[in-house]
Amino acid sequence: MEKTDAIDGKVDEASSREGSVCGYDSLHHLLSANLKPHLFQEVSRILLGLNRGKGLETISLPESAKVLSSGHDFDLQAYCFLADKELLREPRIVRVGLIQNSIALPTTAHFLDQKRAIFEKVKPIIDAAGASGVNVLCLQEAWTMPFAFCTREKRWCEFAEPVDGESTRFIQDLARKYNMVIISPILERDVNHGDTIWNTAVIIGNNGNIIGKHRKNDSGQNHIPRVGDFNESTYYMEGNTGHPVFETAYGKIAVNICYGRHHPLNWLAFGLNGAEIVFNPSATVGELSEPMWPIEARNAAIANSYFVGSINRVGTEVFPNPFTSGDGKPEHADFGHFYGSSHVSAPDASCTPSLSRHRDGLLISDMDLNLCRQLKDKWGFRMTARYDLYADLLASYVKPDFEPQVISDPLLHKKSP
């Protein structure tokens, strides 16, 4: 069992494993341990921003949550985003949780054993969220299974299940127990439409009811990745649910699944529909996307004046049969390291430190949703946007006879005398 120094987050070298940052749980811990306090404070100001002019405050969590974290070896962090006090509105504090985890058994194990082991692994983390009073909790993309879409082997489709299937029933019990809204991203099997498979987030209400679902992503906006080992189009279709926002007991939430974060208009659509918190459950590896990870969601939170919860799984998943992806690289049996680093971004450009790069984890954030409108009032991004011009350009762009608006220098192609 890996042990982490509680003071600086440094992993003991004897137990360090793949995925740490030079032996540290995260970049934040590396900087904290190796910079003088005044330098670390200034670096944090630039990297993480400020909330109401100060760094984020930590939240004191109940001892029962800490015991679960220690006993089941998962990273546990908690922070608070504040808003200015208003005269006509009370604060709207929502406690949000993000869970990242590795798979529990080798991919060679029986599929049912793999799935049940993941349930068993995730439950104590959900229990810690419940003990901590989390109102809205989001799990990672396709949390019930290994991220086997790199293999292009169809047998992994067995993990797909109906929206009201086993994983939903499991989560419904916990949602009722803890009075908590839970977003459960699964591989969905649509038995009413020819067993079509979708990458779906099921939104379960705090009473254990199914509020609705969102499929990655809407038809006509091809948000299914075809990059390197990401062969997801082999398994499921582009979604057909639009950009829904779900009004819950704790605010208006939306789910921008994984690859959708690379599309600014995707983020915009959830904002136009009134989202206050957008979750981005993901599965992405370091070699491909890590430099983008701290940037895209944070930019979306700023541009659209809402909170964003970014979740990425952890660990290296090795599959029984080597595969290639037509990119000239030798065959290999793993996708690469899922680097975790889940975090929360706020509309004022502040964000939490990330969870561990290689350990399971639960990140808890208190957020005053009043901050969303306060930042709209401050910056006026929504009011000053020119949606009419954007709409005209997009309407023209999708036509076959589109001509880009380019004005060339008349002397650019003039022949010399």
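Predicted model: local features only at pLDDT ≥ 70, side-chain atom pairs only at ≥ 80, totals over all residues.
Two strands count as paired here if DSSP finds at least two bridges between them.

Strand 1 and strand 2, the latter covering residues 75-81, pair in the antiparallel sense over two bridges. As a reminder, strands of a sheet pair through backbone hydrogen bonds, either parallel or antiparallel.

Strand 6 (residues 196-204) and strand 7 (residues 210-215) are joined by five bridges in the antiparallel sense. Val202 has Lys213 of strand 7 as its bridge partner. The two strands form a hairpin, with five residues between them. Within the turn you will find Gly208, whose phi is positive at about 85°.

Next come the helices. Helix 1 (residues 27-34) packs against helix 2 (residues 37-48) at an angle of about 155°, and their axes are 9 Å apart. Angles over 145 degrees count as roughly antiparallel, and that makes helix 1 roughly antiparallel to helix 2. Helix 1 passes helix 2 in a right-handed crossing. On the helix 1 side, His28, Leu31 and Ser32 make the contact, while helix 2 brings Phe40, Val43, Ser44, Leu47 and Leu48. Sorted by class, this contact has five nonpolar, three polar and no charged residues.

Helix 4 (residues 111-131) and helix 5 (residues 166-178) pack at an angle of about 15°, with 11 Å between their axes. Angles under 35 degrees count as roughly parallel, and helix 4 and helix 5 are therefore roughly parallel to each other. Here, too, the crossing of helix 4 past helix 5 is right-handed. Helix 4 makes the contact with Lys115, Arg116, Phe119, Lys123, Ile126, Asp127, Gly130 and Ala131; from helix 5 come Glu166, Ser167, Phe170, Ile171, Leu174, Lys177 and Tyr178. By class, the contact of helix 4 with helix 5 has seven nonpolar, two polar and six charged residues. When you look at such lists, remember that an α-helix has 3.6 residues a turn, so residues three or four places apart point the same way.

After helix 9 comes Gly380, with a positive phi near 65°.

Asp73 lies in the loop between helix 3 (63-71) and strand 2, and its phi is near 55°, a positive value in a residue other than glycine. With a relative accessible area of 13%, Asp73 is buried. Arg152, in the loop between strand 4 (136-138) and helix 5, is not a glycine either, yet its phi is positive at about 65°. Is Arg152 buried or partly exposed? At 37% relative accessibility, Arg152 counts as partly exposed.

Note on methods
Residues numbered from 1 in each chain as written. Heavy atoms only, no water. Helix = DSSP H or I, 4+ residues; strand = E, 2+ residues; numbered from the N terminus. Axes fitted to C-alpha atoms, helices over the stretch in contact; angles between N-to-C directions. Parallel < 35°, antiparallel > 145°, perpendicular 65-115°, else oblique. Left-handed = near helix turned anticlockwise from the far one by under 90°. Contact = heavy atoms within 4.5 Å. Nonpolar A, V, L, I, M, F, W, Y, C, P; charged D, E, K, R; others polar. Buried < 20%, exposed > 50% of the residue type's maximum accessible area, 1.4 Å probe, protein only.
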